[in-house]
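Please show the sequence and structure first.

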Amino acid sequence: MDQTPIEDMQSLKARKFLMWLFVISSFMMFAALTSGFIVYTEGNAERGIKVLLPKAFIYSTIIIIISSVTMHLAYLSGKKLDFSKQKLYTVLTIVLGIAFFISQYSAWKVLTDAGAYFVNYNASQSFIYVFTGAHLLHIFAGIIMLIYSLIGKTRNIPQVRNIFRLEVTSIFWHFIDILWIYLYVFLLLNQ
């Protein structure tokens, strides 16, 4: 049974609202994690990170900012009905998301080579893995959303749904971009 256009628009608005709820709850989770870190360290130098952050985190930051630009360009291309550019920018965003994963993995390797393991006597170092691991889960979810948007466009879904998918994916992708910058700056200030 097909929905009327009005019911369809209401359904899309409800789904967009759910995305905003997810973004807000994710932000609250990361705020709680960073608060936990602050409480744990309590200004005690012995409980500090005591390791330099890997340069791969800088590369991750550059990658995620570029991916936010390509995501925005995909959204704008979809609105302008330029579907070839929409597909191109969506694929580029997916590739950049995968590059972010690789960069984070190499950062973890640098950390373990420096003796900063997930399980150790210094929970501050463990927090690095918790922050970045939880963020990678969000990146993974974002990549799934990007693939879903790409598949929808290749199947020629109605333009209203195409724009909706791009908009919701864009909201989420920009959120994880801002979230990474927040986490990186937080870790820089506490290293």
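Predicted model: local features only at pLDDT ≥ 70, side-chain atom pairs only at ≥ 80, totals over all residues.

Residues are numbered from 1 along each chain as its sequence is written, and side-chain values use heavy atoms, with hydrogens and water left out.

Me: In what order do the elements of the protein run from the N terminus on?
Reply: Helices (H or I, at least four residues) and strands (E, at least two) are taken here as DSSP runs, numbered from the N terminus. The secondary structure comes to five helices and zero strands, and the C-alpha trace spans about 60 × 30 × 25 Å along its principal axes. From the N terminus on, the order is therefore α-α-α-α-α.

Me: What length does helix α2 reach from its first C-alpha to its last?
Reply: Helix α2 covers residues 56-79, which is 24 residues. The expected span of a helix is 1.5 Å times one less than its number of residues, and for α2 the expected value is 34 Å. The helix is followed by Leu81, whose phi is positive, near 65°. From first C-alpha to last, α2 comes close to its expectation, reaching 34 Å.

Me: Which residues is Phe57 in contact with, leaving aside its neighbours within four places in sequence?
Reply: Contact means heavy atoms within 4.5 Å. With those neighbours left aside, the partners of Phe57 are Gln104, Ala107, Leu111, Ile128, Thr132, Trp180, Tyr184 and Leu187.

Me: How far apart in sequence are the parts that Lys16 and Glu167 tie together?
Reply: A salt bridge is a side-chain nitrogen of Lys or Arg within 4 Å of a carboxyl oxygen of Asp or Glu, and the structure holds two of them. In the bridge between Lys16 and Glu167 the closest N and O atoms are 2.5 Å apart. Because Lys16 lies in helix α1 and Glu167 in helix α5, the parts tied together are separated in sequence by 151 residues.

Me: Is Asp113 buried or exposed?
Reply: Asp113 meets Lys109 in a salt bridge (3.6 Å, N to O), and the two are separated by about one helical turn because they are four residues apart in helix α3. Lys109 is partly exposed, with a relative accessible area of 45%. At 59% relative accessible area, Asp113 is exposed.

Me: Which residues make the nonpolar surface patch of about 440 Å²?
Reply: Patches are made of residues with over 30% relative accessible area and no salt bridge, like charges being joined within 9 Å and nonpolar side chains (Val, Leu, Ile, Met, Phe, Trp, Tyr) within 5 Å. Trp20 lies in helix α1 (residues 5-41) and, at 41% relative accessibility, counts as partly exposed. The patch is made by Trp20, Ile24, Phe27 and Met28.

Technical notes. Areas by Shrake-Rupley, 256 points an atom, 1.4 Å probe, with all protein chains shown as cover. Buried < 20%, exposed > 50% of the residue type's maximum accessible area, 1.4 Å probe, protein only.
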